[in-house]
Amino acid sequence: MSHRVRVNPIMCEAHGMCAELLPERITLDEWGYPMIDSEPLSGTLLDHARRAAQACPTFALLVERERP
Amino acid sequence: MTATLASAGPSVYWYLTRSTGAVALLLLTFAIVLGVVDVRRWSTPQWPRFIIDSLHRNVSLLAMVFLVLHIVTSVLDSFAPISLLDAFIPFAGSYRPFWLGLGAVSFDLLLAVTITSLLRQRMGYASWRAIHWLTYASWPIALLHGFGTGSDVKSGWLLALSIGCLALVLASVVARALAGWPENLGRRGTALAGTGGFSLFLLLWLPGGPLGSEWARRSGTPPSLIAGSHSAKKSTGSHR
Amino acid sequence: MSNAPSLMAAEPALPEPDVAASLPRLLTGIPGHGAMSLDEHLSIHGLAPSARPRRRREESPLIARIERAGLRGRGGASFPTARKLRAVASSRGRPVVVVNAAEGEPASLKDRTLTHSLPHLVLDGGELAAQALGAEELIVCVCESALASAESVEAAIAERPRQRGAAQVRLVVVPDHYVAGQESALVNYLNGGSAKPTFTPPMPFEQGVRRRPTLINNAETLAHIALIARHGSQWFRRLGTAPQPGSTLVTLSGPVPHPGVYEIEHGCSLSSLLGAAGGTTAGVSAVLLGGYAGTWIDGELLRGLTLSDEHLAPHGAAVGAGVVLLLSEAACPVAETARVAQWLAGQSTRQCGPCVNGLDALAGTVKEIAGGVAQANATQRIARLAALVRRRGACGHPDGTVNFILSALETFAPAFADHARHGPCDACMHPAELPLGVSAPGAPRERGRVR
């Protein structure tokens with residue numbers, strides 16, 4: 001069972017914390033908005049992803065389980 | 001122990017309530033400063049975004065801890081007749097009801113902000129945000145409460161602290177109002193005008209109010225507490 | 001309509017080959033002014049059968065028939081209609097059916113034409129879909145600017161006898177924005193919000209209007225359903241190609257004597273469409289297919305073009321919502337592209353950072369190129385911005401705009417290079433050709449078979 005990170009672009013207000021907390025999967029574009037690498041996550045990286053999702057002030061970052 | 005202290009002078013709770021009140025004001029000021037730094041997305045490599053945000057949340061919680069201590073110690077103190085209910089229901093007390101009541105109002109607003117923030121995962125973002133704006137209202141009300149009820153208000157250090165905190169909050173409000181200028185000019189203008197108006201009010205009111213004569217009587221201290229205060233107090237030189 | 005026979009699982013016998021294979025189908029008897037009355041509609045097409053399933057938990061035979069017919073959505077995405085119906089049918093809750101005639105595409109007039117002149121055909125389709133899904137609510141959405149359509153639909157709703165157990169029909173007028181007809185935007189608006197797309201999932205077919213499973217079909221798609229229910233899937237397949245069966249409506253504009261809405265069969269040549277419109281009155285530099293999210297094709301290739309997805313795919317184009325927009329040689333393609341790009345950027349609902357910033361930057365760069373004041377690396381900048389913007393919005397608007405701009409840069413490469421070096425050309429002063437507001441060319445006409 002793998003997870004992926006996704007961003008809700010409507011809620012996202014470019015706070016940028018996600019890229020600091022999960023640089024393995026998220027980088028910021030020139031306007032400060034996240035560019036997501038949607039490779040699967042597991043183990044400690046998943047924990048970091050969850051922390052990043054909790055840190056997002058607008059709940060724009062989502063950690064989603066693979067739909068089977 | 002309280003009885004022994006009463007004969008010796010003001011109780012330890014009286015000192016604690018004043019000091020925790022001052023610290024709470026300071027922490028609430030920092031919470032606002034950090035909140036504005038956060039929303040303006042200012043950061044450096046040494047102070048990344050997630051740290052600023054965490055700091056804002058933690059300082060706010062710490063402020064609430066000191067606020068609770070401030071309330072509990074004021075209730076426990078036997079000098080002024082303050083009940084626990086007075087912390088939540090404003091203007092119903094017998095000690096400086098209006099000025100104490102402002103403290104309750106501010107505390108109620110901060111309670112709403114704190115509870116919604118702790119439960120923000122469960123509520124919609126828009127509602128959480130709307131309630132969060134109340135912090136801007138809670139701070140000036142808390143400051144007025146401090147000026148109105150505080151017994152140290154004429155002392156230099158507390159006055160300097162209050163003015164210093166006011167300056168920080170003013171700067172924060174201006175910085176906040178400038179973000180995204182000139183959209184929503186009406187709202188920004190109102191915020192800045194309100195802030196300016198409040199500052200002007202303080203300038204005009206303080207000298208003749210809390211910093212003036214007989215403020216204790218004018219602010220609603222029960223007469224029994226003004227006349228015939230403890231002789232021991234006189235010897236310690238504390239001001240009421 | 002009250003004694004409509006049930007739609008039998010077995011298909012009706014094919015009518016005579018000549019009748020079966022001819023155009024027009026949807027546009028049969030379309031009036032020159034005003035709307036076709038209910039009586040006339042019934043005398044031309046006959047009574048619509050009922051699509052209610054015979055037994056409660058059974059699937060309506062209409063859905064299987066639509067699947068056999070191979071009908072795909074006519075709103076631009078070409079999604080298989082039967083699959084959409086089944087997705088709604090299998091979601092929990094009583095469904096709602098929405099007729100999407102909120103045609104925000106400036107160069108497309110087919111949906112407002114259908115709702116204005118042939119409202120009963122569209123309403124038939126909507127009611128059939130509602131019966132097939134057991135929906136109790138049927139909502140027809142038209143654009144604010146389509147006043148005539150709104151009036152026609154209201155009048156048509158009043159004209160139709162109210163049957164027991166039939167879905168409640170109502171008209172909703174939707175803002176004119178480009179993105180307002182996007183499915184989640186439409187649902188958002190119907191739920192009392194603004195006409196702006198929302199984050200999905202949940203998709204409308206799972207949770208849409210009032211969180212119920214919602215079927216959103218283009219008005220033309222439902223019009224086709226109205227006829228498939230009557231004449232069967234084999235009849236539908238007698239026109240068009242095997243992968244893309246049936247007829248479709250296109251909006252032809254540009255230097256032709258008779259621009260407007262035409263009914264063609266998939267796989268017909270562009271030349272025959274132009275012939276039906278009276279030929280071209282000026283040289284054509286290129287044709288835009290699909291709409292402002294679509295693709296330009298060079299004028300030299302016009303004669304050989306076939307209007308079907310499989311033939312257009314090598315050109316990176318598709319039939320889409322049926323926009324066929326000719327650009328005359330007198331117009332400046334660079335100025336036009338800059339104008340439209342600016343408009344598209346302005347049509348962003350500004351909910352998503354990459355779209356707002358990206359489209360503004362793209363439109364700005366195109367404008368600089370048009371004005372001859374672009375930086376040296378303008379083309380690389382556009383390519384970089386295009387990659388940055390794709391798939392990073394909540395809806396397909398930024399992707400469509402990127403397609404349009406990149407396609408223009410490729411098709412009109414010499415003109416863009418010329419502008420980059422020398423600035424505006426004489427043709428830049430030519431009056432704007434690509435429509436941005438809502439225009440209304442002459443009354444639509446019934447057309448014969450277009451091959």
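This is a predicted model: local features need pLDDT of at least 70, side-chain atom pairs count only at pLDDT 80 or more; totals for chains, interfaces and linings use all residues.
# A tour of chains A, B and C

Residues are numbered from 1 along each chain as its sequence is written, while chains are lettered from A and ligands numbered from 1 in the order in which they are written.

**Stop 1: the helix pair.** Select residues 61-69 of chain C for α3 and 81-89 for α4. Helices here are DSSP runs (H or I, at least four residues), numbered from the N terminus. The two pack at about 150 degrees, with axes 8 Å apart. Axes are lines fitted to C-alpha atoms over the stretch in contact, and angles run from 0 to 180 degrees between N-to-C directions.

Now show Ile63(C), Ile66(C) and Glu67(C) in α3(C). They meet Thr81(C), Ala82(C), Leu85(C) and Arg86(C) in α4(C). Contact means C-beta atoms, placed from the backbone, within 7 Å.

**Stop 2: the domains of chain C.** Colour domain 1 (17-237), domain 2 (247-328) and domain 3 (333-429). These bounds come from an automatic or database domain assignment. The centres of domains 1 and 3 of chain C, taken over C-alpha atoms, lie 35 Å apart. Their contact takes eight residues from domain 1 and six from domain 3.

**Stop 3: chains A and B.** Ten residues of chain A and six of chain B form the contact. On the chain A side, the largest share is three residues from helix α1 (residues 17-21).

Key. Two residues are in contact if their C-beta atoms, placed from the backbone, lie within 7 Å.
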